[in-house]
Amino acid sequence: MSEIMVETTVHAPVETVWQCWTEPFHIRQWNAASPEWHTPSASNDLRAGGTFSYRMEARDGSAGFDFAGQYTRVVPQQLIEMTLDDGRKARVEFLAAHEGVTVREVFEVEDTHSAEQQRQGWQAILDNFARHVQQCKT
């Protein structure tokens, strides 16, 4: 199965980046690919064997879905590996960067949407995450 990688560099301490990535309150603030979508609920049991579920919905109520799965490996402030509910694998790396932390996501491609649509969507969410962290640290 082919993989896609997206990344962004966040100008903040790794502790802040990790907190914003993993705490449900923060996840609800940044987990959307566009302003028309939002995440009204999120749960996160951040440990190997723990599960996560983020409910993503169109703000107009026309569509929604759960992004969910199980963690297979968690190295605090460094790495999260998971299996999504559809069986695909994904990982998130938190890498020291010159002025902060590079967050890199690698995920297996699914069959419903084109690889480019998936890359754009995941990158848009990651860009929202970076903006959220900047707001949190100021």
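Predicted model: local features only at pLDDT ≥ 70, side-chain atom pairs only at ≥ 80, totals over all residues.
Me: Let's start with cysteines. What is a disulfide?

Reply: A disulfide is a covalent bond between the sulfur atoms of two cysteines. In this structure, a search of the whole model finds zero disulfides.

Me: Is Cys20 buried or exposed?

Reply: Read the relative accessible area. Under 20% counts as buried. Cys20 has 1%, so Cys20 is buried. Cys136 has 32%, so Cys136 is partly exposed.

Me: Now the inside. Which residues touch the most other members of the largest nonpolar core?

Reply: That core has 31 residues. Val17, Trp21, Phe94, Val103 and Phe129 touch the most other members.

Me: Take Val103. Which residues is Val103 in contact with, leaving aside neighbours within four places in sequence?

Reply: Look past the chain neighbours. Val103 is in contact with residues including Val6, Val10, Val17, Trp21, Phe94, Leu126 and Phe129. Glu7, Thr8 and Glu93 are also in contact with Val103.

Me: Back to helix H3. Where does His132 lie, and what does its side chain make a polar contact with?

Reply: His132 lies in helix H3. Its side chain makes a polar contact with the side chain of His26, at 2.8 Å. His132 is buried, with a relative accessible area of 9%. Not counting residues up to four places away in sequence, His132 touches Cys20, His26, Gln29 and Trp30.

Me: And Glu116? How many residues separate Glu116 from Thr39 in sequence, and how far apart are they in space?

Reply: Glu116 and Thr39 are 77 residues apart in sequence. In space they are 23 Å apart, C-alpha to C-alpha. Glu116 lies in helix H3 and is partly exposed, with a relative accessible area of 39%.

Me: Last one, a backbone angle. What is phi of Gln77?

Reply: Phi of Gln77 is near 65°, a positive value in a residue other than glycine. Gln77 is found in the loop between strand E4 (64-75) and E5. At 30% relative accessibility, Gln77 is partly exposed.

Note on methods: Residues numbered from 1 in each chain as written. Heavy atoms only, no water. Disulfide = S-S within 2.5 Å. Buried < 20%, exposed > 50% of the residue type's maximum accessible area, 1.4 Å probe, protein only. Core = buried A, V, L, I, M, F, W, Y, C linked by side-chain atoms within 4.5 Å. Contact = heavy atoms within 4.5 Å. Helix = DSSP H or I, 4+ residues; strand = E, 2+ residues; numbered from the N terminus. Polar contact = N/O pair within 3.5 Å; in protein donor to acceptor, adjacent residues only side chain to side chain.
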